[in-house]
Protein chains: 2
Amino acid sequence: MGASTKQGYEIAKKSRQIVKSLIDEKTINLTDDEKSIVERIVHSTADPEYAELVNMSSNFVEMSLKSLKNNEDIITDITMVKSGITTYGGSVNCYINENEVKKIAQKYEITRAAAGIQYAANNGFEGIIVIGNAPTALYKTIELIKKDEINVKSIIGVPVGFVGAADSKNALTNINIPNITTKGPKGGTPVAVATINSLIRISKIGQE
Amino acid sequence: MGASTKQGYEIAKKSRQIVKSLIDEKTINLTDDEKSIVERIVHSTADPEYAELVNMSSNFVEMSLKSLKNNEDIITDITMVKSGITTYGGSVNCYINENEVKKIAQKYEITRAAAGIQYAANNGFEGIIVIGNAPTALYKTIELIKKDEINVKSIIGVPVGFVGAADSKNALTNINIPNITTKGPKGGTPVAVATINSLIRISKIGQE
């Protein structure tokens, strides 16, 4: 799981065995690829509850892998999520600190994370959106999809927090776009990063 | 909590009220600054369990603030943690991708995260160490402190995972350096980032 040294590899291997034993029964109805994703999320958070919170649409893995194999763009809501995605062959962008994005945020009184998604749509984005933090970025994505103003192949929508996160994730499951999400307030950067990195790995070498 | 727009500010304010109501009883013995840190951790993870898992040494806040007010260096174990620390006046470094660090990791068969701490010690580091991911980086820090080979003012030691994390955090509580940590396998980037950002904010404007 990203380990590049002997010590790192041994830790990852042992952790994987523990994670499997903790969640095997809860992931019995998943495909092998879907299981890999859930395992990596639980490995990254040390929180087995995620095996019960994670929900993927049936076409999420297939459509995500197709996009990744074409090296389409990935955008993230915050830079922390971007910095966790280090082995992708295509572009990984986060626009939250762009001057243009700050202007959009001020003009429309929205968060910079949401404005970053608008900015991507304005600039012909096509690919996968990874949201690990901001419900507002997820709502903006859903709004743009409904207006047919953004070309999204799949969404990793796991914003975290007690205000808006759960509702935004419910809204995501009601639109017809391949997606992964988590029930309730929990989610966050490690969940988002684990998911996309698991998919990138599968896209390169097949099953993890 | 880092919000720079009206929408972001309103979400943060409402979240803070919810977090307070969830953890108020569990933080009754903490100082106001310590409470601020725990609140920000729970806000960032949406996981109230952290109110019971977080442990700070009694001098952690004081010694951390002193170091931050002197703009001493901050180092992190992984780049994801570094990228979450955006408002500090001093330097924030992560050495995991340095060529020299890769060489140290290979030579001693340790993780690159641990080698990054060794590299910092070799280069006269003085300040705060923030570990959000790698138990091996925390063990290396403890080893260097015991050998008096690194000048650490405080440690945010919240590595995550089922292998080594809990033991490394136990080891941290047994050395005489100001520290914050979490019991058990849980922890991670959001916990580390919430803690240091809360301290940076307090160091600038007083109580959050």
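How many residues of chain B are in contact with chain A, and how many of chain A with chain B?

Tutor: The model is a predicted one. In it, 37 residues of chain B are in contact with 37 residues of chain A. Chain B and chain A bury about 2900 Å² between them, and 70% of that area is on carbon and sulfur atoms. On the chain B side, the residues that lose the most area to chain A are B:Met80, B:Phe162 and B:Val163, which together make up 24% of what that side buries.

The arrangement of the copies comes next. Chain B is superposed on chain A by a rotation of 180° with 0.0 Å of shift along the axis, at an RMSD of 0.0 Å. The two copies are therefore related as by a two-fold rotation axis. B:Met80 is the residue of chain B that comes closest to this rotation axis, with its C-alpha at 2.7 Å; B:Met80 is also among the residues of chain B that lose the most area to chain A. Of the interface residues of chain B, 100% are also interface residues in chain A, so the copies meet through the same surface.

A:Asp47 forms a salt bridge with B:Lys186, with the closest N and O atoms 3.7 Å apart. This pair crosses between chains: A:Asp47 is in the loop between α2 and α3 (50–53) of chain A, and B:Lys186 is in the loop between β6 and α10 (189–205) of chain B. Both A:Asp47 and B:Lys186 are buried.

B:Lys186 also has a partner within its own chain. Its side chain meets that of B:Asp47 in a salt bridge, at 2.7 Å from N to O. B:Lys186 lies in the loop between β6 and α10 of chain B and B:Asp47 in the loop between α2 and α3 (50–53) of chain B, so this pair ties together parts that are 139 residues apart in sequence. The relative accessibility of B:Lys186 is 9%, so it counts as buried. B:Asp47 is buried too, with a relative accessible area of 6%. Salt bridges that share partners join A:Asp47, A:Glu49, A:Lys186, B:Asp47, B:Glu49 and B:Lys186 into one network.

A salt bridge within chain A can be set beside these. A:Lys20 forms one with A:Glu39, the closest N and O atoms being 3.2 Å apart. A:Lys20 lies in helix α1 (residues 6–23) of chain A and A:Glu39 in helix α2 (residues 32–45) of chain A, so the pair ties together parts that are 19 residues apart in sequence. A:Lys20 is partly exposed, at 34% relative accessible area, whereas A:Glu39 is buried, at 3%.

Chain B has an open sheet of six strands in the order β1-β6-β5-β4-β2-β3, with mixed pairing. β1 (54–56) and β3 (92–93) of chain B stand at the edges with a single partner strand each, so one side of each is left without a neighbour in the sheet. Helix α2 (residues 32–45) of chain B packs on this sheet and touches β1 and β6 (179–182) of chain B; the direction of the helix makes about 150° with that of β1(B).

The pairing can be listed strand by strand. β1(B) and β6(B) pair in the antiparallel sense over three bridges, and B:Asn55 has B:Thr181 as its bridge partner in β6(B). β5(B) and β6(B) run parallel and are joined by three bridges; here the partner of B:Ile155 is B:Asn179 in β6(B). Strand β4 (residues 126–131) of chain B also runs parallel to strand β5 (residues 151–157) of chain B, with six bridges between them. One of the residues bridged to β5(B) is B:Glu126, whose partner is B:Asn151.

β6(B) is covered on both faces. B:Asn179 and B:Thr181 on one side are buried, as are B:Ile180 and B:Thr182 on the other.

Terms used:
Residues are numbered from 1 along each chain as its sequence is written. Chains are lettered from A and ligands numbered from 1 in the order in which they are written. This is a predicted model: local features need pLDDT of at least 70, side-chain atom pairs count only at pLDDT 80 or more; totals for chains, interfaces and linings use all residues. Side-chain values use heavy atoms; hydrogens and water are left out. Two strands pair if DSSP finds at least two bridges between them. Helices (H or I, at least four residues) and strands (E, at least two) are DSSP runs, numbered from the N terminus. Contact means heavy atoms within 4.5 Å. Axes are lines fitted to C-alpha atoms, for helices over the stretch in contact, and angles run from 0 to 180 degrees between N-to-C directions. A salt bridge is a side-chain nitrogen of Lys or Arg within 4 Å of a carboxyl oxygen of Asp or Glu. Buried means under 20% relative accessible area, exposed over 50%, partly exposed in between (1.4 Å probe, protein chains only). Copies are superposed by least squares on the C-alpha atoms of residues with pLDDT of at least 70 in both. Buried area is the accessible area (1.4 Å probe) that two parts lose on being put together, summed over both.
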